[in-house]
Number of protein chains: 2
Amino acid sequence: MERILPEDDMIRAVNVAFYRAFERGDWEAMRELWAVSVPVSCVHPGWQPAVGREAVLASWGAIFEGAMGIRFTLRNVQVFVAGEAAWVLQQEELESVQEGGERVKVVLLATNLFVRESGAWKMAHHHASPALGAALPPSDPRRLFH
Amino acid sequence: MERILPEDDMIRAVNVAFYRAFERGDWEAMRELWAVSVPVSCVHPGWQPAVGREAVLASWGAIFEGAMGIRFTLRNVQVFVAGEAAWVLQQEELESVQEGGERVKVVLLATNLFVRESGAWKMAHHHASPALGAALPPSDPRRLFH
């Protein structure tokens, strides 16, 4: 009998596939991961948003061209399902190799939005940003607002 | 004859209502804006994510307690609809008054995710982050990745 994964696990699996494609610089895999039936968008940290499938895929092409030896460790992965849409929140620990061979680690916070398309979960939006929270005391969360 | 707004306009209207509630520090209005039928989450810049309706609303309570004279100007507002879910991308120009009376402006980039709930669009997720892009040349977008 075929085992059917619970919804959350299917979304987690696609979410992990996204980071694996990112690590490998696998543009074809990345292209497969993104939705075709809805408009898509992508916010890389420090970039203006990429809007539309063509611009989003071009942004991954540009990243993959420059990226070297990227490895992700995901922490605090949380899945939210709302009917035909779902999103995943997580901390991305991103380790990369600089041109001189030095390893650098940055911690990002990412929202990945998925939509169900012909039964499969596909990416519709990615928003990654610096996880400043790591450096702020939890008791002083209002710093940016006053 | 009753005029029905196009879907995009309804989403824009709720999106603006969110920023108006934020400016007024109106916790009741904010509470009305957030979905009750799906799990919700919220990433304020520099905070760990707030997960669940109670934590999300508490985070707004904490912000409203400390915030003074916040004014938003939204730029590059873009609406994406995918069935019963929708998201809005925008630059938030946030002006606030410091304790000494000094006005400070920061530019953020925000994803607001909405779901349709009993015919109305409700917030399901908010992710705001510093708009580093404003300070980076468009020709050097890979800085964080190598």
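Biologist: At what angle do helix α1 (residues 7-24) of chain A and helix α3 (residues 53-66) of chain A pack, and how far apart are their axes?

Modeller: Two packed helices are described by the angle between their axes and the distance between the axes. Helices here are DSSP runs (H or I, at least four residues), as strands are runs of E of at least two, both numbered from the N terminus; axes are lines fitted to C-alpha atoms, for helices over the stretch in contact, and angles run from 0 to 180 degrees between N-to-C directions. In this case α1(A) and α3(A) pack at about 50°, with their axes 9 Å apart, and that makes α1(A) oblique to α3(A), given that angles under 35 degrees count as roughly parallel, over 145 as roughly antiparallel, 65 to 115 as roughly perpendicular and the rest as oblique. The model is predicted: local features need pLDDT of at least 70, side-chain atom pairs count only at pLDDT 80 or more, and totals for chains, interfaces and linings use all residues. Side-chain values use heavy atoms, without hydrogens and water, while residues are numbered from 1 along each chain as its sequence is written, and chains are lettered from A and ligands numbered from 1 in the order in which they are written.

Biologist: Which residues of α1(A) meet α3(A)?

Modeller: Phe18(A), Ala21(A) and Phe22(A) meet Trp60(A), Ile63(A) and Phe64(A) of α3(A), where contact means heavy atoms within 4.5 Å.

Biologist: Which residues of α1(B) and α3(B) meet?

Modeller: In chain B, Phe18(B), Ala21(B) and Phe22(B) meet Trp60(B), Ile63(B) and Phe64(B).

Biologist: How many salt bridges cross the interface of chain B and chain A?

Modeller: The rule finds zero there, although 51 residues of chain B are in contact with 51 residues of chain A.

How values were computed. Salt bridge = Lys/Arg side-chain N within 4 Å of Asp/Glu carboxyl O.
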